Amino acid sequence: MIRALVLTVVLASLPAAARPPRLTLLITVDALGSDVLLRNRPRLQGGLGQLLDSGAYFPYARYGYAKCRTAPGHTTLATGANPWRHGIVDNRWWDRASGKRVYSFVDPAHPVLEAASKPGQDASPVNLMAETLADRLRMATQQRGKAVSVSLKSRSAIAMAGRLGQAWWFDEDSGKFVTGTWYAKEFPQWLQQFNARKIPDRSFGKTWELSRPRAEYVGEDDLPHEADSYGLGRVFPHPLTGGLKAPGTDFYKAFGVSPDSHEFLVEAAKAAIAGEGLGKDAVPDLLMVSFSGTDNVFHEYGPYSWEMQDTVLRLDKALGELISAAERAAGGRANLSIALVADHGGAAAPEEWAAAGLPAQRMHPKAISEGITAMVKERFGPDVTVAMEELDVYLGGPALASGKVDGAQVRRAVVDWLKKQPIVVAAVTREELFSAPDPAGHLATLRKGYYPERSGDVLYMLAPFQVVYYDAQGSTHGSPYSYDSQVPVVFAGKGVKPGTYMTELDPVDVAPTLAALMEMGMPASTEGKPRAEILTGK
């Protein structure tokens, strides 16, 4: 009896850090580059602004691989590893067996639940080759800790949930949250009830209005390089109908561009908190929320647009509601750990750069692929095929498969052709990737993104300010240059020492730092390390 009483007293006197937070909240903001956040920070007074003021803020984190895109970004954040370990090299790649382009999380064996499945769509984590933070939590707690991810995008939700968590994403055809049969065979009651509320439909017929007086926005509202998709138009106010008479696919896509999607995602997160009982006991839980609306706005209007400025302001407010809900669920900030990070940044519209005097241009991907194809056909015949996905060139066809044509010669010819293009700063065959000299450091970023079964036969890199995009308006991302690769990282809550940290951080450090805050081991393939400077040990 006395020994039991003494043990109780000792346990009660242990420092708070010996007990993990009841809830960890990982927030990812799609396409929130450091530059975008820094330019808008003076106006942020809501949840995002408060997080920057009260947390450990790293303005200059930077991804170490070349193709800064959504699927590899979220997977890197979830695993603490680069694509050369986790295998998610891009949003899509060419499957050599089928000769077709596939999405990163394609899985025909596990279709989307309660929604029409599209060929090749994201559906499960079967292609994920590394353990995630969610997986580690589930194993460390012997399946008692819960890990739930929600996002508008399937590739974001799946990457964060990993193999053992829950992943929920927005289906733009049905207007509801769904998942794949890998994760569930039927919807839980809380999600059924949430979908029955039809929150997106409430925005139908409304307009996206500016949240501040027009004089507070920098630049011009209407610029020629901005897109006009889904009936939104290029200037405020933006109508939310998708050009339809009733809610349908194009409306739900327009809704995904509008800041109303931020509030919708917060409501989904709150439903998951209540439905799964997150943060309600001493067993740690993990909630991962990826805000995709910022990326949708970026692609349509660019990072300097009024639309981007306004969506960040609206996100600032929405994050306040999300963080408050997480605090309530955990029983206060003392039981909550938070991380906020972006999966990538994004380029300005090249026309905007060019108008300012920078050597920028917009190119359709065909401009490069057709040149390579013509050269290959002339030198090696029509039975050698060329396919491209961003910075990767895939070579195939019956002549290579049969050995009639030497593959090494074809790859070397493609490299030689690329190096003659003024806009190309590096090109290399797969055989030479890890042995070729790299005086400018370009190949180092290609190496960290290379996974043999999924990456191309030839890899290359363009000069800065060259934007390769399928559309004639808007902009994109996918390079290692700072406008694409540099993002903010913030840690806050239990066990975090606040301050602004000007040292550069690699986002592979996010998962191991959260694992340390959660008092558990790191994901198996982690390359990063806990950021000791922000851990108080209290």
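H2 makes the biggest contribution to the lining of the second largest pocket, giving five residues. The model is predicted, with pLDDT of at least 70 needed for local features and 80 or more for side-chain atom pairs, while totals for chains, interfaces and linings use all residues. Residues are numbered from 1 along each chain as its sequence is written, and side-chain values use heavy atoms, without hydrogens and water.

**Exercise 1.** Describe the second largest pocket.

*Solution.* 
- Start with the term: on a 1 Å grid over the protein atoms alone, a pocket is an open set of points with protein on both sides within 12 Å along at least five of seven lines, and lining residues have an atom within 4 Å of a point.
- Now find the centre: Asp35, Val36, Tyr304, Gly346 and Tyr483 are the closest to it among the 20 lining residues.
- Then look for elements: helix H2 (34-40) and helix H18 (482-485) each supply at least two lining residues. A helix is a DSSP run of H or I with at least four residues, and a strand is a run of E with at least two.

**Exercise 2.** Describe the largest pocket and its lining.

*Solution.* 
- Its volume is about 1300 Å³.
- Of its 36 lining residues, Tyr103, Lys153, Arg155, Glu172 and Asn296 lie nearest the centre.
- Elements giving two or more residues include strand E6 (166-171) and helix H11 (293-301).
- H11 provides the largest share, four residues.

Conventions: On a 1 Å grid over the protein atoms alone, a cavity is a set of points where a 1.4 Å probe fits but cannot get out, and a pocket is an open set with protein on both sides within 12 Å along at least five of seven lines; lining residues have an atom within 4 Å of a point. Grid points are joined across faces, edges and corners, and a volume is the space filled by probe spheres set on the points.
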